[in-house]
Protein chains: 2
Amino acid sequence: MNLSKRITAMQESPIRKLVPYAEAAKAKGKYVYHLNIGQPDIETPSSFMESIRNFEGKVLAYSFSQGIPELIRAIIHYYKKYDMHYEEDEILITNGGSEALLFAIIAIADAGDEILVPEPFYTNYNGFSSAVDVKVSPITCKAEDGFHLPSKKSIEDLINPRTKGIMLSNPGNPTGVVYTKEEIEMLAALAKEYNLFIIADEVYREFVYDGLGYTSFGNIPMIQDRVIIVDSVSKRYSACGARIGSIASKNKELIAQVLKLCQGRLCVPILEQIGSVELYKTSEEYFQIVNKEYQKRRDIVYDALNNMPGVLCKKPTGAFYVAAKLPVDDAEKFVVWMLKDFHVEGSTVMLAPAEGFYATPGLGKDEVRIAYILNENDLKKAMNVLKLALQNYPNKTI
Amino acid sequence: MNLSKRITAMQESPIRKLVPYAEAAKAKGKYVYHLNIGQPDIETPSSFMESIRNFEGKVLAYSFSQGIPELIRAIIHYYKKYDMHYEEDEILITNGGSEALLFAIIAIADAGDEILVPEPFYTNYNGFSSAVDVKVSPITCKAEDGFHLPSKKSIEDLINPRTKGIMLSNPGNPTGVVYTKEEIEMLAALAKEYNLFIIADEVYREFVYDGLGYTSFGNIPMIQDRVIIVDSVSKRYSACGARIGSIASKNKELIAQVLKLCQGRLCVPILEQIGSVELYKTSEEYFQIVNKEYQKRRDIVYDALNNMPGVLCKKPTGAFYVAAKLPVDDAEKFVVWMLKDFHVEGSTVMLAPAEGFYATPGLGKDEVRIAYILNENDLKKAMNVLKLALQNYPNKTI
């Protein structure tokens, strides 16, 4: 009586596996600055809970498998701002972006198929893929290049008859990279040339800094039959616990097929859908305020890292992550050491070691992801702790 | 650019695929008695929404991947009534029973493996299995036997090296069968002998009538390392739209592995978990009232069916379904005919054709599932419509 190979082979969350060390540190009275997880501290717009409190139904019944029409329409309206135009039968509401990703993977790939993913990647891309026997084929991106894509040729070399799609987040988690229009067009051309789907995880769409432009895969007309846009209210409206995501595609056959998976799980909770209708009505001003805040934090983290000897980090321009190379032997050991053996006046820092964000063995061993989801003041203190930790870590490499 | 074989091969929901005919009937002013879907009309206990309305968090953050401790403890407490004893690390909260089933299937079976399922079965067993390349191997049960299990020998004949488990609902959907203690023990013995897991979907545990006893797979000590109990608040507390389910198993390694899948989708919505804590505190009296109501309805449907010439139906003793053989050429055609071409004073009835509940081709063609989820009065009217429809259907077989 053995468990399946696919579940035992599935990667454990590199973000969550060090949690016991953080718990132990806290139990000893240490204060831990959590920069390891993408949980924003920004308040969820109050319209979310207000609309849920007003729910008057006597029977909390099943709802539409594709999602409630009000939410689908709210998302259609939202996309118009980005010059993306969907009809009601081109959108499905999902249990977070996570379910959207899982369903998209199942829809485009059979057991044994491959999906190209720029690495380092959001670790659940690998988790979900291996749970359903799909292989992540990594396109290696480098800290030195600010995690921008390598040449078209080097990506072409990875394509084989079992390659079914390209999956990526833009802006990027864990790197904060925002792909240029040229990069998006290069991938679009590859998709067309090699007959691939594109699973475009654009949940950080609003989080682009320095006045940079943003190109969605939804903006490239020639590939709309092969683009699957994954979205979520989690980061956009700081509503991670709502678990409301969506799939959008102009490929109506794909939507019809994924609807079968949606019918299998019957429906997404109705209350959060009602709340999310209000979230999608949030004013533009909200994003201006939030973005200004994140950009300020990004600057604090980036400037601090750049003043630490031996740290390599190009300035990221999106999401709320910085990926950096540290002058340490092993980033996971370093994080554990900070939690177990180090503190500055009773405080320490938790980061996400980046090795788990890579599929290529050995890569990312000296890298970390820092999520700048604390206020300015705490972030400055946390960066100071990190700086001192790097000075004091016994296995530093400079 | 093709969609995956597994998604295109996935069965469409037989319950939902006739919905357009019902919509068309309603558009023409017909009243449709919906006996086709397991959506109870019973009110959700008000404690659910009350506790949600009191939620005061400013940031709707991610929560524990395994579920909130309060809900896990509430479920542990609930199980004690049934002499089932779990610890906190033996329970995971899921997005409905649906996700619990999907995760359990992935955990015990690899692509190409098989799971034994008594047919007719809850159609999503097949849907989820084929979505992840697992084959449902049907144990055929017959209307003539009240859908009780066939002999041990005939089940043994279905087992081969790729058989990894047995999956079933008890009480049964779509049949209303409640397996006897002897049947449960027979399956337990088979599981032990052939080294199989048992995925026991017991979401209708409370809905057992006629004072009959109920044996859970959680009550057979010798197999607790191989039993996975799937549960849900959907039917138990008439809270289908909450999408709160759970997995319970004394096999801690299995729970640890499934937790990786839970971490992949981050968490289950926090609000419904808070509401469900209150649901699990619902008094015993609630079930007595609800059960009395369902038993009365069961009697109305069963008595009415037994008075229709040519209908075959053994008295079911659980859940809120009756599966019956009708004297028609094709139950799906008959249901469509009722929606399109038949009415009694402007009313008609929608049932679920049973063919989609079978994996063996050709079986169930003249069978339907009737969900008795309407009040007594409507149910009587609906049964009268069905009786007259059977008299007037042009392709009847008697």
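**Entry 1**

I looked up Glu90(B) and found it buried at 2% relative accessibility; buried means under 20% relative accessible area, exposed over 50%, and partly exposed in between, with a 1.4 Å probe and protein chains only. The model is predicted: local features need pLDDT of at least 70, side-chain atom pairs count only at pLDDT 80 or more, and totals for chains, interfaces and linings use all residues. Residues are numbered from 1 along each chain as its sequence is written, chains are lettered from A and ligands numbered from 1 in the order in which they are written, and side-chain values use heavy atoms, without hydrogens and water.

I then noted that Glu90(B) forms a salt bridge with Lys250(B), with the closest N and O atoms 2.8 Å apart. A salt bridge is a side-chain nitrogen of Lys or Arg within 4 Å of a carboxyl oxygen of Asp or Glu. Lys250(B) lies in the loop between strand E8 (244-248) and H9 of chain B, and Glu90(B) in the loop between helix H4 (69-80) and strand E2 (91-95) of chain B, 160 residues apart. Helices (H or I, at least four residues) and strands (E, at least two) are DSSP runs, numbered from the N terminus. Lys250(B) is partly exposed, at 29%.

**Entry 2: Other salt bridges**

I recorded 63 salt bridges over all chains. One of them joins Arg162(A) to Asp113(A) at 2.8 Å, N to O. Arg162(A) sits in the loop between helix H7 (152-156) and strand E5 (163-169) of chain A and Asp113(A) in the loop between helix H5 (96-108) and strand E3 (114-119) of chain A, so the pair ties together parts 49 residues apart in sequence. Arg162(A) is partly exposed at 39%, whereas Asp113(A) is buried at 4%.

I also examined Asp210(B) and Arg298(B), whose closest N and O atoms are 2.6 Å apart in a salt bridge. Asp210(B) is partly exposed at 35%, and Arg298(B) is buried at 0%.

**Entry 3: Cysteines**

I found zero disulfides over all chains, a disulfide being a pair of cysteine sulfur atoms within 2.5 Å. For Cys141(A), the nearest cysteine sulfur is that of Cys313(A), 16 Å away. Cys141(A) is buried at 4% relative accessibility. In chain B, the sulfur of Cys313(B) is 16 Å from the closest cysteine sulfur, in Cys141(B), which is too far for a bond.

**Entry 4: Where the chains meet**

I noted that 78 residues from chain B and 78 residues from chain A take part in the contact, where contact means heavy atoms within 4.5 Å. The chains bury about 6500 Å² between them, 58% of it on carbon and sulfur atoms; buried area is the accessible area (1.4 Å probe) that two parts lose on being put together, summed over both. In chain B, Met1(B), Leu60(B) and Tyr62(B) lose the most area to chain A, together 13% of what that side buries.

Two salt bridges run between chain B and chain A. Asp110(A) and Lys5(B) form a salt bridge, with the closest N and O atoms 4.0 Å apart.

**Entry 5: Helix H10 of chain A**

I checked helix H10 (residues 270-279) of chain A and found eight of its ten residues buried. Among the buried residues of H10(A) are Ile270(A), Leu271(A) and Leu279(A).
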